[in-house]
Amino acid sequence: MVQYKLYYFEKIGGRAEAARLLFAYSNLPYEEVDLTMEDLAKQKEKFPFGQLPVLEVDGKMLAQSLTICRYLAKTIGGLSGNNDLESAQIDSWADTIEDVYKAITAPKLFKICVFGEAEKYPEIPEVLKPYLDRTEQQLAKNYGHLVGNTFSWADIAVADLWARLRNAYPLLLDTYHHIEKFVDQVYALDGIKQYVEKRVLLHGQ
């Protein structure tokens with residue numbers, strides 16, 4: 001059996017949470033290796049690009065959060081579309097996560113989701129509006145999925161992003177009914193539901 005270890009920061013969802021949800025959804029066993037910032041500073045040379053998250057697969061290191069998710073989706077099967085075009089479209093929707101990170105900026109996002117400081121950044125819902133609008137339109141047009149007619153790994157990753165931002169800004173999805181329903185459906189999937197009920201994250205993230 002393949003041995004998986006996921007390296008990330010303790011009690012922080014961040015860029016590792018989508019991978020955790022994929023593990024939960026598939027019921028694939030893995031070991032969570034929690035690090036502090038001090039641990040990372042000491043072990044930086046161990047990790048590709050010197051950053052987290054990193055997935056260790058039978059001793060080999062795989063970096064970059066979306067690459068990890070893409071790898072897990074292929075390993076699990078059934079989450080990468082029905083053909084090459086759908087697979088590419090799924091990748092493109094997953095890449096919108098990085099667009100959102102850049103729009104907010106990583107330091108702000110960390111303070112908002114990890115330290116619960118959303119009140120310091122009241123402008124963020126307006127910054128997110130173009131991304132929310134496009135996602136809402138796609139879900140309305142495509143009957144509740146981002147691509148194709150079933151859940152993909154991008155659905156799980158994108159739903160996780162909006163769920164954590166909704167936790168920070170409780171009114172964020174009030175006028176985005178398709179996104180709200182989409183997030184709730186992903187979080188109700190077997191495996192994910194049980195994981196979310198048990199997880200302990202700083203400020204709920």
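How many salt bridges does the structure hold? The structure holds twelve salt bridges, a salt bridge being a side-chain nitrogen of Lys or Arg within 4 Å of a carboxyl oxygen of Asp or Glu. This is a predicted model, in which local features need pLDDT of at least 70 and side-chain atom pairs count only at pLDDT 80 or more, while totals for chains, interfaces and linings use all residues. Residues are numbered from 1 along each chain as its sequence is written, and side-chain values use heavy atoms, with hydrogens and water left out.

**Domains and annotation**

- The chain is assigned domain 1 (4–77 + 191–198) and domain 2 (84–188), with bounds that come from an automatic or database domain assignment.
- Between the C-alpha centres of domain 1 and domain 2 the distance is 20 Å.
- The UniProt annotation "domain: GST N-terminal", from an unreviewed entry, covers residues 2–80; UniProt positions are given in the numbering used here, feature names are shortened, and annotations may be inferred rather than shown by experiment.
- That span, residues 2–80, is 37% helix and 24% strand, and its end C-alpha atoms lie 21 Å apart, where helices (H or I, at least four residues) and strands (E, at least two) are DSSP runs numbered from the N terminus.

**Interface between the domains**

- Contact, meaning heavy atoms within 4.5 Å, joins 17 residues of domain 1 to 16 residues of domain 2.
- The two domains bury about 1400 Å² between them, 71% of it on carbon and sulfur atoms, with buried area taken as the accessible area (1.4 Å probe) that two parts lose on being put together, summed over both.
- On the side of domain 1, Arg 15, Leu 66 and Arg 70 lose the most area to domain 2, and together they account for 35% of what that side buries.
- Two salt bridges are counted between domain 1 and domain 2, and there are also three residue pairs in polar contact, with both residues at pLDDT 80 or more; a polar contact is a pair of N or O atoms within 3.5 Å, where within protein one must be able to donate a hydrogen and the other to accept it, and residues adjacent in sequence count only if both atoms are side-chain atoms.
- Helices α1 (17–26), α3 (65–76) and α9 (192–198) each supply at least two residues of the side of domain 1 that touches domain 2.

**Individual salt bridges**

- Arg 70 pairs with Asp 91, the closest N and O atoms being 3.0 Å apart, and this pair links distant parts of the chain, with Arg 70 in helix α3 and Asp 91 in helix α4 (residues 84–104), 21 residues apart.
- Glu 123 and Lys 108 meet through their side chains at 3.4 Å, N to O.

**Backbone features**

- The peptide bond from Leu 52 to Pro 53 is cis, with omega near 10°, and Pro 53 is found in the loop between α2 (37–43) and β3 (54–57).
- Lys 11, although not a glycine, has a positive phi of about 60°, and Lys 11 is found in the loop between β1 (4–9) and α1.
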